[in-house]
Amino acid sequence: MVSLNTTNTVGRLYVYYRMIPLICIGCLLLSAGAGIGLTPNPYRGHAVQGRVVQRVVTPCDTYKRKNGKNSTTTRHKCKVKYVYTVNGVEYEHTDVIDVASPLSEGSTLRVNYNPSDPNDHKVNYGDPLIAAGVLSAVGCCMCCIGTVVIFTSQKVKGAATTFMVGNVARRVLKN
């Protein structure tokens with residue numbers, strides 16, 4: 001039987017070449033998620049129900065938004081005048097609002113406001129904490145996977161070469 005003693009150096013270099021960028025991208029995603037999540041947000045947790053009092057432009061502009069390869073969603077941009085009340089004070093604004101169904105007089109909408117200045121507000125505001133959580137989770141997974149593969153290639157004899165040969169064979173069979 002013929003044996004080839006490569007001391008696994010080529011395989012380890014290949015693993016480093018493949019995993020270091022994965023770990024770096026994972027760290028960037030983790031940092032971005034933490035940055036988004038830790039950014040002070042005056043609108044978070046302060047919401048009231050507003051009411052449309054007049055549709056300024058009739059009808060609403062309608063457009064299609066692509067959701068994927070084969071699906072689209074119909075959206076509407078309506079210029080409306082709406083009111084909301086915070087601590088007994090009524091605020092009135094006119095804005096163009098992007099919604100799934102056309103707004104009419106009497107329609108309700110969620111208004112997030114800044115408690116130090118209730119006139120400062122956002123309509124139908126989505127909290128970025130969900131995006132921050134997803135970015136952080138994906139980044140953490142990428143870092144963990146890259147780290148586990150690198151440590152496995154160092155501690156398990158032949159693991160890095162097997163990893164490299166597996167990837168090369170997959171590419172050869174694909175073509």
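The model is predicted, so local features are required to have pLDDT of at least 70 and side-chain atom pairs count only at pLDDT 80 or more, while totals for chains, interfaces and linings use all residues. Residues are numbered from 1 along each chain as its sequence is written, and side-chain values rest on heavy atoms, with hydrogens and water left out.

## Overall form

The chain contains 3 helices and 6 strands. Helices (H or I, at least four residues) and strands (E, at least two) are DSSP runs, numbered from the N terminus. Along the sequence, these elements follow the order α-β-β-β-β-β-β-α-α. The radius of gyration of the chain is 27 Å, well over the 16 Å that the globule rule gives for 175 residues, and the chain is therefore more spread out than a compact globule. Here the radius of gyration is taken over C-alpha atoms, and the globule rule is 2.2 Å times the number of residues to the power 0.38. Taken along the principal axes, the C-alpha atoms fill a box of roughly 85 × 40 × 15 Å.

Of the 175 residues in the chain, 27% are buried. A residue is called buried under 20% relative accessible area, exposed over 50%, and partly exposed in between (1.4 Å probe, protein chains only). The accessible areas themselves come from the Shrake-Rupley method with a 1.4 Å probe, and for residues only the protein chains shown count as cover.

## Salt bridges

Side chains of opposite charge can pair when their charged atoms come close. A salt bridge is defined as a side-chain nitrogen of Lys or Arg within 4 Å of a carboxyl oxygen of Asp or Glu. The structure holds 2 salt bridges.

One of them joins the side chains of Arg75 and Asp98, at 3.3 Å from N to O. This pair links distant parts of the chain, with Arg75 in strand S3 (residues 72-86) and Asp98 in strand S4 (residues 89-99), 23 residues apart. Arg75 counts as buried because its relative accessibility is 15%, whereas Asp98 is partly exposed, with a relative accessible area of 30%.

Glu92 also forms a salt bridge, with Lys81, and the closest N and O atoms are 3.7 Å apart. Because Glu92 lies in strand S4 and Lys81 in strand S3, the pair ties together parts that are 11 residues apart in sequence. Lys81 has a relative accessible area of 24% and is therefore partly exposed.

## Surface patches

Patches are made of residues with over 30% relative accessible area and no salt bridge; like charges are joined within 9 Å, and nonpolar side chains (Val, Leu, Ile, Met, Phe, Trp, Tyr) within 5 Å. Lys and Arg count as positive and Asp and Glu as negative, while His and the chain ends are not counted. The place of a charge is taken as NZ of Lys, CZ of Arg, CG of Asp or CD of Glu.

A patch of positive charge on the surface gathers Arg18, Arg170, Arg171 and Lys174. Helix H3 (residues 159-174) gives the most to this patch, with 3 residues. Arg18 belongs to helix H1 (residues 9-38), and Arg18 counts as partly exposed at 30% relative accessibility.

A nonpolar surface patch of about 280 Å² is made by Ile130, Val134 and Val138. Within it, Val134 is part of helix H2 (residues 129-155) and is partly exposed, with a relative accessible area of 47%.

## Individual residues

Asn87 is placed in the loop between S3 and S4. Its phi is near 50°, a positive value in a residue other than glycine, and Asn87 counts as exposed at 76% relative accessibility.

Gly45 lies in the loop between H1 and strand S1 (47-55) and is exposed, with a relative accessible area of 74%. Gly11, by contrast, is found in helix H1 and is buried, with a relative accessible area of 1%. Asp117 belongs to strand S6 (residues 117-123) and counts as partly exposed at 39% relative accessibility.

| Pair | Apart in sequence | C-alpha to C-alpha distance |
|---|---|---|
| Asp117 and Pro42 | 75 residues | 9.6 Å |
| Gly45 and Tyr113 | 68 residues | 8.9 Å |
| Gly11 and Val80 | 69 residues | 63 Å |
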